[in-house]
Amino acid sequence: MNMNTSLQSTATAIARTLMVVVFLLSGLSKIGSTDAIAGYMEVMGVPSLLLWPTIAFEIGSAALIVLGFHTRITAILLAGFSLVTAIVFHHQFSDQTQLIMFLKNIAMTGGFLLLACTGPGLLSIDARRSAA
């Protein structure tokens, strides 16, 4: 591995990790406030029975992306999740915070689509599996 390849591989691994920190922390924080989150989901028209699957998805998908395992499909799922949550939870554009959250989710959708296209890089389980 030459210097450019090593730098690119390291940068890609770091980027994957940074992209999913929000999901890991969001999933973990939901565990500590399930009643409040369930209530918020219901107010927004989302059944609260989706809370635990959401927590599992956020934490699990974050772990998969960090490890670079099933990266492309997980990135596509996270792109869809980011887009849907932007539309469902952050559609009150008269509130500047909600507009920023909407735009953040749209940017994350783009980042995950890019990750799905480019793949996880060499420092990933996916790369090791394809080399074997």
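Buried residues make up 33% of the 132 residues in this protein. Buried here means under 20% relative accessible area, exposed means over 50%, and partly exposed lies in between (1.4 Å probe, protein chains only). The model is predicted, so local features need pLDDT of at least 70 and side-chain atom pairs count only at pLDDT 80 or more, while totals for chains, interfaces and linings use all residues. Residues are numbered from 1 along each chain as its sequence is written, and side-chain values use heavy atoms, with hydrogens and water left out.

**The whole chain**

Start with a cartoon view. Helices (H or I, at least four residues) and strands (E, at least two) are DSSP runs, numbered from the N terminus. Along the principal axes, the C-alpha atoms fill a box of roughly 55 × 30 × 20 Å.

Switch to a surface. The protein exposes about 7,800 Å², and carbon and sulfur atoms supply 72% of that area. Accessible areas come from the Shrake-Rupley method with a 1.4 Å probe; for residues, only the protein chains shown count as cover.

Now turn to contacts, meaning heavy atoms within 4.5 Å. Take those between residues at least 6 apart in sequence: 68% of them join residues at least 24 apart.

**Helix H4**

Select residues 71-89. This is helix H4, with 19 residues. The expected span of a helix is 1.5 Å times one less than its number of residues. Colour its buried residues; among them are Thr-71, Leu-78, Phe-81, Thr-85 and Phe-89.

Step back to His-70, in the loop between helix H3 (51-67) and H4. Most residues other than glycine have a negative phi. His-70 has a positive one, near 55°. At 36% relative accessibility, this histidine counts as partly exposed.

**Aromatic pairs**

Show the rings of Phe, Tyr and Trp (its six-membered ring). They pair if their centres lie within 6.5 Å; planes under 30 degrees apart count as stacked, over 60 as edge-to-face and the rest as tilted. The count comes to five aromatic pairs.

Select Tyr-40 and Phe-89. Their ring centres are 5.6 Å apart and their planes are at 25°, so the pair is stacked. Tyr-40 sits in helix H2 (residues 34-43) and Phe-89 in helix H4, 49 residues apart, so to speak linking distant parts of the chain. Tyr-40 is partly exposed at 38% relative accessibility, whereas Phe-89 is buried at 17%.

Move on to Phe-93 and Phe-102. Here the centres are 4.9 Å apart and the planes are at 70°, so this pair is edge-to-face. Phe-93 is partly exposed, with a relative accessible area of 43%. Phe-102 is buried, at 17%.

Then select Phe-23, Phe-57, Phe-81 and Phe-112. Ring pairs link these four into a cluster.

**Ser-124**

Finish at Ser-124, in the loop between helix H5 (96-118) and helix H6 (125-131). At 3% relative accessibility, Ser-124 counts as buried. Its side chain reaches the backbone nitrogen of Ala-127 at 3.0 Å. Such a polar contact is a pair of N or O atoms within 3.5 Å; within protein, one must be able to donate a hydrogen and the other to accept it, and residues adjacent in sequence count only if both atoms are side-chain atoms. Leave aside its neighbours within four places in sequence, and Ser-124 is in contact with Arg-16, Leu-67 and Gly-68.
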